[in-house]
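Subject: The structure for you to look at

Hi there,

Here is the structure I promised to pass on. Please open it next to this email, and I will walk you through what turned up.

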Amino acid sequence: MKKMMLPAAISALGLALSSNAMAATWKMAIGDAAGGTQYELGAKFAELIEEKSGGDIKVDLFPNGQLGSEQDTVNNASMGLVDMSILAINNITPFSPTVGVLTLPYVIQNAEDAKKLTQGEIGDQMTENTIRDAGVRIVSWSYAGCRRLTNSVKPVESPEDLEGLVIRVPKNEIMIAAYQAWGVNPNPLAWTETFTALQQGVVDGQDTPYITIDAMKFYEVQNHATDSCYVFLLEPLIMGEGQFQSLNPEMQQAVLDAGKEATEHSFEYLLETEADIKDKLVNEHGMTITEPANDEKEWIEQATQIWPDFYDSIGGKEKLDQALEALGREPAPEA
């Protein structure tokens, strides 16, 4: 796996930039457009931290990748060049591979699974690992929902229907491998390039949750969606660990408290809005939503075969077994 720039030197640099970390106005990078779950989390956190800091800290939101790609903002946050960032969990995995347990296909199958893992011991471990590996701290979680496959060509019910389609995926080895298990070679593209690639026909489809499909207006260039759930999209809010450590104890606690409350808000926001957005995509924007064949059986059987390939990168099979046990499921197969 590609080695990314990071840890010890970054922490020291973050501390050296403590004057920036204590600035009255923080900049928050957001990968998605306004109207999505990332922006909702960011806006709620901004409201809460201003309240909890007595107005000393304000947060300016920069959506639509204005401050760089999601992966770029991991480095930038660790170096103190941006104060905070909200990004898809798969864009942290290259920096802190153990986080990949949350992106293995069909580990998280619904919102309750996602909440149970992120707000329990597993989530605490992910935070510790990203501090250690990437020099950034997860302070809050956004719940975007299941990644739904969309395309501009035809209804897709089974993996066989993917034949002939070019699908965009993030630059993430686990997600690429899942599509390869279904018999296709996806096209890894940066998030900022995705809409244009769909619009120009460079790729036929992509996968993101319904809320993101709506916020990014993918319905303008995609006709079909498959109601599948191979990955549940989590979007952590990160802060450089050097910046966090530069704060006094009271301000650190304010950040953690605001993050916890914003996480709860994001979960409720997903539950309250997803069904209405799905209906809107069909009835207002003309998308066709197809149910996967056989309750997604073929999708699951083929995609979960890649699990053993990633045991080493996620810290061992026991890490996956710990997550599965937390969800009340059987241990993973042996490699």
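Predicted model: local features only at pLDDT ≥ 70, side-chain atom pairs only at ≥ 80, totals over all residues.

Does Asp-295 count as buried or exposed? At 74% relative accessibility Asp-295 counts as exposed, because the cut-off for that class is over 50%. You will find Asp-295 in the loop between strand 11 and helix 12. Its phi is positive, about 55 degrees, although the residue is not a glycine. Asn-294 belongs to the loop between strand 11 (288–290) and helix 12 (297–303). Asn-294 also has a positive phi, near 55 degrees, and is a residue other than glycine. With a relative accessible area of 51%, Asn-294 is exposed too.

The mean pLDDT of the chain is 93, and 93% of the residues reach 70 or more. Residues 1–5 have a pLDDT below 50, and in the model this stretch makes 12 contacts beyond near neighbours in sequence. Residues 7–21 are also below 50, with 22 contacts of that kind.

**Two buried residues in loops**

Leu-102 sits in the loop between strand 3 (84–86) and helix 5. At 3% relative accessibility it is buried, since that class takes in anything under 20%. Setting aside neighbours within four places in sequence, Leu-102 is in contact with Ile-108, Leu-117, Ile-122, Met-126, Trp-141 and Leu-234. Leu-102 and Leu-189 are 87 residues apart in sequence, and their C-alpha atoms are 21 Å apart in space.

Pro-186 is in the loop between helix 7 (173–181) and strand 7 (187–188). Its relative accessibility is 11%, so Pro-186 counts as buried. Not counting residues up to four places away in sequence, Pro-186 touches Ile-167, Val-169, Ile-176, Tyr-179 and Gln-180. One of these, Ile-167, is 19 residues from Pro-186 in sequence, with 5.0 Å between the two C-alpha atoms.

The buried residues of helix 6 are Ile-122, Gly-123, Gln-125, Met-126, Thr-127, Asn-129, Thr-130, Asp-133 and Ala-134. Among the elements that cover them are helix 4 (70–78), helix 5 (111–118), strand 4 and helix 13 (317–326). Just after helix 6 comes Gly-135, with a positive phi of about 70 degrees.

Helix 3 (residues 37–52) can be checked in the same way. Its 16 residues should span 22 Å at 1.5 Å a residue, and its end C-alpha atoms are 22 Å apart, in agreement. Thr-37, Gln-38, Leu-41, Gly-42, Phe-45, Ala-46, Leu-48 and Ile-49 are the buried residues of helix 3. Just after helix 3, Gly-54 takes a positive phi of about 65 degrees.

**Empty space**

Rolling a probe the size of a water molecule over the atoms shows where empty space is left. The second largest pocket has a volume of about 350 Å³. Its lining is made of 17 residues, with Thr-118, Asp-124, Val-139, Trp-141 and Lys-260 nearest the centre. Helix 6 (121–134), strand 4 (136–146) and helix 11 (249–283) each supply at least two residues of this lining. Helix 11 gives the largest share, 7 residues. By class, the lining of this pocket has 4 nonpolar, 8 polar and 5 charged residues.

A search of the whole structure finds 3 cavities of 30 Å³ or more. The largest cavity holds about 110 Å³ of space. It is lined by 14 residues, and the closest to its centre are Glu-70, Ala-88, Arg-147, Trp-191 and Leu-233. This lining divides into 4 nonpolar, 5 polar and 5 charged residues.

Happy to go through any of this with you.

Best wishes

Technical notes
Residues numbered from 1 in each chain as written. Heavy atoms only, no water. 1 Å grid on protein atoms, 1.4 Å probe; cavity = no way out; pocket = protein on both sides within 12 Å on 5 of 7 lines; lining within 4 Å. Points joined across faces, edges and corners; volume = space filled by probe spheres on them. Helix = DSSP H or I, 4+ residues; strand = E, 2+ residues; numbered from the N terminus. Nonpolar A, V, L, I, M, F, W, Y, C, P; charged D, E, K, R; others polar. pLDDT = per-residue confidence, 0-100. Contact = heavy atoms within 4.5 Å. Buried < 20%, exposed > 50% of the residue type's maximum accessible area, 1.4 Å probe, protein only. Expected span 1.5 Å × (residues − 1).
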